[in-house]
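Please look over the sequence and the model before reading on.

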Amino acid sequence: IAITSPNTVLGETIYLTRKSSICALWNTFIDSETRIIDYHFSLCLEHDKHNCPISSRDLNNRTFICIEEPPITEGQSYIIRITATNQVGLSSTADSAKFIIDTTEPDVGEITALNPLGDEYNFVSSAILARWHGFIDLETGVSGYSLCIGTEPALCDVTGLVSVGNASSYTWYNLSLVHDEEYFVSLKCGNNAGLSTNFTSSQPISVDTTAPPLSKVLDGFEESKDIDYQQSRRHVFATWFNVEDPESDVITLTWCIGSRPRSCDLKVSTLLDVSASKMSTYLNQPIKNGGRYYVTLKATNGAGLTSIMVSDGVIVDYTPPSAGMVIDDQDVDIDYLKDGDTVYARWSEFEDDESGIKSYQFALCEKENITACPTAFSDTGLQTNISLSGTELQSGLEYVIIVRATNMVGLRQQATSDGFTVDATIPVSGRVVIVNPSPSNFDIQQITARWENFMDAESDLSQYEICLGTSQGECDEIDFRSVGLNTTHNFTELKLRHQETYYVTLKAINNAGLSTQVTSDEIKIDVTPPQPVKEMSGISLDLEEICSETSGGSCNTTSTTSETKTHVSIEISCSSGLVKASWLKHEDKESGIAKIEWCIESVDNMCNIQPWETVPTNLQTKSSIIHSLSTLTSIQAVVRISNGVGNTALLKSTLCNPVKTFPPKLDVAEVKDLNDTRTDIDYQTDTEAIIVTWSSPSNVLSYSSIQAALTEPKENLNVTESLLQKWRGEPFAFEFVDIPRGKTHIRFSGDRIKPYTKYRPVVRRCDKVGLCRDSVGDGVVIVPDAPPDIQ
């Protein structure tokens with residue numbers, strides 16, 4: 001059975017929108033044995049088929065029906081029942097699909113346009129959320145909704161109509177909405193009968209497509225001032241200008257802290273009052289030295305748009321800079337400064353890896369009293385050198401430069417120079433002496449100077465400079481040269497000129513650069529020896545000849561020897577222990593006679609008899625007692641006359657032969673006993689001792705010493721020759737022993753005396769000048785068993 005009235009089918013239900021008539025059609029009943037002769041029509045409730053507003057109306061053979069103004073209620077479910085009867089009276093029944101009559105559109109509800117982010121957002125930017133409620137249809141129910149967005153109510157000029165079924169909300173994203181415009185959401189609601197409401201529109205919603213304007217976040221607690229470094233490890237500050245949104249207002253403001261921009265790993269996001277312009281907090285965990293933190297500020301407007309503002313970050317530094325090195329002066333460090341000179345200083349190696357160096361300060365202070373500072377601490381910015389002029393400093397005091405380095409968080413580190421001493425005085429003068437050429441060491445190819453007693457109590461001496469000139473204070477021969485702190489210097493390879501005057505000038509320089517200059521006494525070069533005043537035999541007065549002999553050329557040459565032998569005879573006499581010498585007076589016009597010496601020698605150039613002895617320069621004669629004169633074969637006198645520069649004239653006498661006088665001979669006898677000292681014996685039986693005596697015709701007291709010895713003579717010995725020349729060839733029984741003065745005998749005893757052996761006594765007598773004479777006895781033979789007639 002088909003319902004032919006205008007309808008809408010939804011599932012197994014037919015919805016009719018008019019109740020003025022209901023029409024139905026059927027043509028599918030079949031009876032193959034007999035024909036169908038009648039149809040009956042009934043209109044019944046679908047859930048109670050026995051309740052039929054129209055029951056069993058005969059239709060004859062019609063297969064359709066239209067019922068005008070049927071007695072039905074809207075919203076009820078009905079069916080049409082058709083009963084077909086054949087010729088034999090059998091019937092069958094068929095029901096139509098249920099249908100409902102609904103002639104009215106759904107009841108209208110409310111629709112709202114919202115921001116999808118939440119109800120707190122009163123503006124939208126590019127997305128709109130539509131929500132609705134209160135749309136109902138009691139008869140057939142709501143079948144679905146259609147909605148759109150437009151610039152006016154019921155206008156779909158922004159989006160097309162969108163069917164959303166029975167949803168109660170719908171969201172559009174990525175809309176191209178115009179900033180500061182208003183938009184409407186319009187909605188149609190349809191029922192299952194196919195009836196729809198007219199557009200129902202929302203209240204307008206405004207558009208804000210711009211995020212809140214950015215505000216600069218400044219690290220630190222001072223408004224309008226940003227910091228890049230701080231000392232605190234936990235305390236965090238930040239300020240900013242008020243964040244505002246002229247279109248939709250700022251509705252939320254949050255902040256957080258992170259170790260990176262936009263990170264919140266140090267402090268989670270925290271809500272702020274939207275009018276706030278600063279924050280302060282303490283971190284749970286301290287930031288490590290050199291670590292950095294960032295403050296992130298997040299502002300959201302009424303449209304849900306967000307602006308994120310991040311500070312430029314702060315480095316935490318809680319350690320002072322590392323100390324550097326301060327140098328007195330511009331380049332190499334100095335220890336002394338001349339008073340009035342500019343004070344220079346430089347420094348380096350101050351470092352701060354965390355926040356860097358912000359500035360330097362310096363001060364000039366006394367080293368021993370650091371609070372006394374002629375120049376108090378002054379800023380230099382980042383300049384690492386200074387110069388000070390006109391500062392009054394006290395001579396003799398030591399000063400230091402103190403440098404303070406301040407890092408970006410205000411922590412300081414200072415370093416001090418090793419200091420310098422101010423010196424306002426020149427060194428104390430000493431004495432400069434030319435020690436060579438000298439009378440004892442004359443060399444015209446070099447000049448040696450020595451100096452002493454230079455000192456400087458404030459800054460000590462740094463060096464000496466020395467020069468050579470021909471006038472006081474001049475350096476026309478050799479310019480100033482540094483000799484360090486040596487106190488002697490030797491000018492070598494010179495060409496000093498005869499009769500020229502030279503000076504050595506010394507400059508003593510202290511460590512502050514102040515100097516004292518002192519010049520030595522003059523030294524006059526003299527290459528010629530002294531000359532005799534009057535000519536004597538063998539004396540040459542030719543100056544050029546002397547210069548030729550002494551220096552190998554003329555007097556203008558630059559070399560000489562220190563001694564010139566002038567073969568001038570000296571008158572000499574030598575007798576009775578007295579030597580006397582006389583010589584001609586000498587003079588030296590250049591350097592004067594400095595010294596006269598003489599000596600006596602028996603060997604050439606040895607002065608072995610009398611060493612050199614100084615003679616007054618006004619004498620021309622000298623004598624000396626020589627006790628050993630008589631022992632010498634020949635002697636000569638030598639005179640050495642030296643001038644002021646050490647050149648000498650050497651005078652030698654002819655040889656003088658002294659007369660030698662030996663002590664007189666002694667009478668030596670072997671005696672039997674001391675009671676009979678005059679009887680000389682040749683034999684004796686005593687084997688224990690031999691007694692020897694001696695006597696002299698001259699005065700015994702005139703000799704210097706006596707010695708005695710006992711020998712065993714050889715056979716056929718020539719006594720005269722042997723004892724005087726070769727007696728030592730005889731073996732000693734007793735060697736020489738000293739005899740006390742005044743004693744004239746000796747007793748030889750002991751086991752050295754052998755029987756049947758001949759012994760000879762030897763007595764040696766020496767005078768005061770060392771001349772000796774040996775005297776011998778004729779000998780005695782030891783015969784223990786000798787007969788009395790030979791004893």
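In this predicted model, the largest nonpolar core has 24 residues, and those that touch the most other members are Ile 447, Trp 451, Phe 454 and Val 504. Another core lies apart from it and has 23 residues, including Ile 3, Ala 24, Leu 59 and Ile 82. As a general matter, nonpolar side chains in soluble globular proteins tend to be buried together.

Val 504 is itself named with Ile 447 among the core residues that touch the most other members.

A second residue to look at is Thr 200, found in strand S18 (residues 200-201). Is Thr 200 buried or exposed? Its relative accessible area is 13%, under the 20% limit, so Thr 200 counts as buried. Beyond residues up to four places away in sequence, Thr 200 touches Val 108, Gly 109, Ile 111 and Phe 135, together with Val 185, Ser 186 and Leu 187.

How many cavities of 30 Å³ or more does the structure hold? There is one, and the largest cavity has a volume of about 50 Å³. The lining of the largest cavity is made up of Asp 339, Gly 340, Asp 341, Val 343, Leu 388, Ser 389, Gly 390, Thr 391, Leu 393 and Val 422. Sorted by class, that lining has four nonpolar, four polar and two charged residues.

Last is the protein chain as a whole. Its secondary structure comes to two helices and 64 strands. The radius of gyration is 75 Å, whereas the globule rule gives 28 Å for 791 residues, so the protein chain is more spread out than a compact globule. The C-alpha trace spans about 235 × 85 × 50 Å along its principal axes. Of the 791 residues, 44% count as buried. Among contacts between residues at least 6 apart in sequence, 65% join residues at least 24 apart.

Conventions. Residues are numbered from 1 along each chain as its sequence is written. This is a predicted model: local features need pLDDT of at least 70, side-chain atom pairs count only at pLDDT 80 or more; totals for chains, interfaces and linings use all residues. Side-chain values use heavy atoms; hydrogens and water are left out. Helices (H or I, at least four residues) and strands (E, at least two) are DSSP runs, numbered from the N terminus. Buried means under 20% relative accessible area, exposed over 50%, partly exposed in between (1.4 Å probe, protein chains only). Contact means heavy atoms within 4.5 Å. A nonpolar core is a set of buried Ala, Val, Leu, Ile, Met, Phe, Trp, Tyr and Cys residues joined through side-chain atoms within 4.5 Å. On a 1 Å grid over the protein atoms alone, a cavity is a set of points where a 1.4 Å probe fits but cannot get out, and a pocket is an open set with protein on both sides within 12 Å along at least five of seven lines; lining residues have an atom within 4 Å of a point. Grid points are joined across faces, edges and corners, and a volume is the space filled by probe spheres set on the points. Ala, Val, Leu, Ile, Met, Phe, Trp, Tyr, Cys and Pro count as nonpolar, Asp, Glu, Lys and Arg as charged, and the others, Gly among them, as polar. The radius of gyration is taken over C-alpha atoms; the globule rule is 2.2 Å times the number of residues to the power 0.38.
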